[in-house]
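Please read them alongside the sequence and the coordinates.

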Amino acid sequence: MTIMVINGPNLNLLGEREPNVYGGETLQSINVQLAEKAAGMGYEIEFFQSNSEGGIIDRLQEARLNCAGIILNAGAYTHYSYALRDAIAAVKIPVVEVHMSNVDSREDFRKNSVIAPVCLGSISGFGKYSYALALIALDYYLGEKNERD
Ligand code: DQA
């Protein structure tokens, strides 16, 4: 089974971007650690990052063809992209919303997620471990789904 990890705008700058909020590790370094964890759990993993809304939506749509689940940090698109929300609703595979920072403890505009209602669930505030926690959550969900099917 393959898990797709999608990172949205400005997450390519992790390591140099607001390290007091997002920590000092690069996205590449976080992805390497996540890939090791995924391999240990028996998953294939694919990574994609884009600063553009359309690029993220295209990749989400493609993922529906070969992925069992998606881990998505949509960055600021989280808070206002109805197009992204519609794409998540359309793909019918579980999407876990991820944020490294605790979005509820920050500016008011970050407290609203337009994608949350169409995601399986949301994980926020655990830094790089938010991605690993999303993977564990998907693993539980997919395991139970296999038992149901
Ligand atoms: C973020 C939180 C968003 O509000 C912000 O726009 C980001 C990163 C996070 O990982 O904490 O770009 O998704």
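1. An oxygen atom of the ligand lies 3.1 Å from a polar backbone atom of A76, a polar contact in the sense of a pair of N or O atoms within 3.5 Å. Taken alone, the ligand exposes 320 Å², and the protein buries 99% of that (Shrake-Rupley areas, 1.4 Å probe).

2. The model is predicted: local features need pLDDT of at least 70, side-chain atom pairs count only at pLDDT 80 or more, and totals for chains, interfaces and linings use all residues. Numbering runs from 1 along each chain as its sequence is written, and side-chain values use heavy atoms, with hydrogens and water left out.

3. For N73, a polar side-chain atom is 2.7 Å from an oxygen atom of the ligand; for R17, the corresponding distance is 3.0 Å.

4. The residues around the ligand (a heavy atom within 4 Å) are R17, Y22, N73, G75, A76, H79, H99, M100, S101, V103 and R110. By class, this shell has four nonpolar, five polar and two charged residues, with Tyr counted as nonpolar and Gly as polar.

5. A116 belongs to the loop between β4 (95-99) and β5 (121-124); strands here are DSSP E runs of at least two residues. Its C-alpha is 9.5 Å from that of V95, at a sequence separation of 21 residues.

Key. A polar contact is a pair of N or O atoms within 3.5 Å; within protein, one must be able to donate a hydrogen and the other to accept it, and residues adjacent in sequence count only if both atoms are side-chain atoms. Helices (H or I, at least four residues) and strands (E, at least two) are DSSP runs, numbered from the N terminus.
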